[in-house]
Amino acid sequence: MSHPDPGREAEAAAAMGFDLSECVQEPIHLLGRIQSHGTLLAVEADTGTVDTAALNTGRLLGIEAEELVGGPVTRVLSPEGWAEALEAGAQHEAVSLVLPVSTDAAGAPRMFDATAHRQGPFLILECEPRAVAPPHFARYYQGVRRALTRLRTSTSAAECCQAATREIRALTGFDRVVAYRFEGEDGPGEVVAEELTDGHEPWLGLWFPASDVPPQARRLYRDNWIRVIADVDDVSVGLHPPRQAGSGLPLDLSNSVLRTVSGFHLEYLRNIGVKSSMSVSVLREGELWGLIACHGDTATTVSPELRAACEFFGVAFSLQLAAIEERQQAEALAASRERLDRIVSRVTSDLETSLLAGDDALRTLLDADGAALCRGGRSHFSGMTVAPALLETLQTHASGLAPGTVWSTDRLSEEPDRPGDGPTSGPAGVLMVTLSRSGDFLAWFRRERPIARQWAADPSKPVQAGPRGERLTPRGSGAVFRAVVRGQSPPWTPADRATAQELWRALTGLVLRHEAELRALNDRLRVANADLDSFAHAAAHDLKEPLRGISNAAAFVIEDAAADLDATTVRRMHTMRRLAGRMDELLDSLLHFARLGRGGLHRVRVPLDRVLDSALEVAGDRLAEAQVRVIRRDLPEVYADEHRLHEVLVNLLVNAAKYAADQGDRTDRTEHTDRTVEVLVDTLRTPAGGTPRQTVVVRDNGIGIPADRQGEVFELFRRLHGPGERGGGAGVGLAIVKRIIERHGGELWLDSEPGRGTSFCFTLGQGGGD
């Protein structure tokens, strides 16, 4: 069977004619009734005017509710008592105090235990008659002290729960006290500890369906530490007026100690033979962990002092459970420290490769069947792999969480946005820690592990016919239902979550340190590049002047004294002029290359067709001279600096003209093969990998480049042919192309084969060419 949940139980109940959804949806804080052993007044805090009164005020306070409403509260409470109650309820918390209340105008006042709390604009006063002189809390001091001592000496959660049930039963005298732990926020509950009198059937180890404590009841248990039902057969008392004038709803009794409970719950208690009950909430980090549930065989009124003692004990119990859990987490972290250190020690800037090395250390860190690192749109696995749809769902979920947040479930098939056909198609549980706000995450996965459980009632039949017709299934029948829970993985423990978060902290520290080192290196490189740019600009500019002097001096010697010089000297003077001219060209190229690093880019959306037209105006003659035909495809707009992109295309087109193939250079020597250069845009994957991106391609069918020399063509002043071969040149054009592309944030690469031509490919960074 699957894990029972309220929805499935409701379906099963509906099939039997009982609408369990009424129980789940019932607004139990707006029932508009209280238990009859006390009475209630809702008083406007600012004016002291009674707004709402219970219908039993006449019997308990001496004045009927209809007469009290609209009048001052001081008709039944002294001004001093009202001031004390107002001060006690000022913190919006339920505070107990003892107040004298006048029963009528002439009679002697009666003593009441009053509980005061704020609810919106009202101070809610709940009065319970006190038949004897009020005892002090010291009456319970020894019992509470003994109970707290037992808690402090507990070393495990199970031992702590057992101590709690034993001490609460000793304090209260209830016939059965159980510690009841919920599985998750809306899951079923398990009895993990129990104390009971002879003759009662034990419940220890039994599971109870989630519908036994519906969601709205769990919210009230979370917000109120204690809840008491004095008599399940009590004829509850209504309020006057029954609804609030402003909202049209009954008075909100969420924090009331006298509030009656749902008829479904009262029927449930009767079915299991309970006459009175008390529940003490157990919280963990603000969420409901479970309950200490007390059941009595007879009607029992619990005094405010005893309620306060039990409430105090419940707080201490919650804190002790938290301390035990934190100690267990610390011990688990210490036990896994060696494995954590081994994982962290091998992490490098290549996080994907180093973290998911082949020894399964990451996967086994949390005893998982698989692990995955999803970062930058790429997924890397250790152990089992999972469907891409699940990874996309987890990424969407991670993008809404702060970095370092740990999220887990052992019932992945029950998540509302779970993709796939069911738990058998992939992992049943996942624990994920977010790495960034963009949705990067690290996750561990566990397969389904069937779990055998003993249920106090058949969880597939939450309703059975009883003496009052179809009702919630009676408990305590002596029958134990054994069922296998499917669709779940072993639960993720607090220690698992703590270990995952500790790994995130360590990885964050390493990444931040790598980023700091990279920033420092980049700063040094920026300074060095700026110095080199300045040096190159100054050198190119300042060296041109003496160079012109050398060239001019050689020219003057040739013009004025050539007749008087021997042929060797004249030849040397001509060589000097030629070399000076060559050096002047190199300095011009160097100056231009330096300027590329100094000027900014002006990037706009520009039609690539227009840029190609302007480039052909410059390079067209060279292409025509080399008999190279230009082929152009449909070209889109790109996001680039138009002038720099023009320069890129000019250099690539001139390069195609220079290295056009003669018939003897071709591998494919068909008679009709002509010289071409083609400009197109395609969607390609860069050599670095990743998602295919829009790429500009300039493809020729020239002589090609040998594989072992392809890395040299982008180097400054590097030519693969002699100075006078293939049209000459300074060997700067492709270096300029590379620098312009890199300044755009793009990538440049080539694909070439000797005798078959060369394709130069480039992207243009974010916003264009990608």
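This note goes through a predicted model of one protein chain, point by point.

1. **The chain as a whole.** The protein chain contains 18 helices and 29 strands. It has 770 residues, of which 47% count as buried. Taking contacts between residues at least 6 apart in sequence, 67% join residues at least 24 apart.

2. **The antiparallel sheet.** Strands of a sheet pair through backbone hydrogen bonds, either parallel or antiparallel.

3. Six bridges pair strand E17 (residues 429-434) with strand E18 (residues 441-446) in the antiparallel sense. Thr 434 has Phe 441 of E18 opposite.

4. **The mixed sheet.** A further open sheet has five strands in the order E24-E26-E27-E29-E28, and its pairing is mixed. Strand E24 (628-632) and strand E28 (748-753) are the edge strands, each pairing on one side only. From one strand to the next, the twist averages 20°. E24 and strand E26 (residues 675-684) run parallel and are joined by five bridges. Within this pair, Val 630 has Val 677 in E26 as its bridge partner.

5. Leaving aside residues up to four places away in sequence, Thr 676 touches Val 628, Arg 629, Ile 631, Arg 699, Asp 700 and Asn 701.

6. Helix H16 (residues 608-625) lies across E24, E26 and strand E27 (693-700), at about 175° to E24. Helix H17 (residues 642-658) lies across E24, E26, E27 and strand E29 (757-762), at about 170° to E29.

7. **The packing of H16 and H17.** Two packed helices are described by the angle between their axes and the distance between the axes. The axes of H16 and H17 cross at roughly 40° and come within 8 Å. Their crossing is right-handed. Residues of H16 in this contact include Leu 612, Leu 616 and Ala 619, and those of H17 include Leu 645, Leu 649 and Leu 653. By class, the contact of H16 with H17 has 14 nonpolar, two polar and four charged residues.

8. In helix H5 (residues 79-88), the buried residues are Gly 81, Trp 82, Ala 85 and Ala 88. They span an arc of only 125° around the axis, which means that they are on the same side of H5. Pro 79, Glu 80 and Glu 87 are exposed on the other side of H5. In helix H18 (residues 733-743), the buried residues include Leu 734, Ile 736 and Ile 740.

9. Between His 240 and Pro 241 the peptide bond is cis, with omega near -5°. Pro 241 is placed in the loop between strand E11 (237-240) and H9. Gly 263 belongs to helix H9 (residues 263-271). This glycine, Gly 263, is partly exposed, with a relative accessible area of 45%. Gly 263 and Val 232 are 31 residues apart along the chain, and their C-alpha atoms are separated by 9.4 Å.

10. Glu 285 lies in the loop between strand E12 (276-284) and strand E13 (287-296), and it counts as exposed at 69% relative accessibility. Asp 367, in the loop between helix H12 (361-365) and E14, has a positive phi near 50°. Asp 367 is exposed, with a relative accessible area of 62%.

Methods. Residues are numbered from 1 along each chain as its sequence is written. This is a predicted model: local features need pLDDT of at least 70, side-chain atom pairs count only at pLDDT 80 or more; totals for chains, interfaces and linings use all residues. Side-chain values use heavy atoms; hydrogens and water are left out. Two strands pair if DSSP finds at least two bridges between them. Helices (H or I, at least four residues) and strands (E, at least two) are DSSP runs, numbered from the N terminus. Axes are lines fitted to C-alpha atoms, for helices over the stretch in contact, and angles run from 0 to 180 degrees between N-to-C directions. Contact means heavy atoms within 4.5 Å. A crossing is left-handed if the near helix is turned anticlockwise from the far one by less than a right angle, and right-handed if clockwise. Ala, Val, Leu, Ile, Met, Phe, Trp, Tyr, Cys and Pro count as nonpolar, Asp, Glu, Lys and Arg as charged, and the others, Gly among them, as polar. Buried means under 20% relative accessible area, exposed over 50%, partly exposed in between (1.4 Å probe, protein chains only). The arc is that of the directions from the helix axis to the C-beta atoms.
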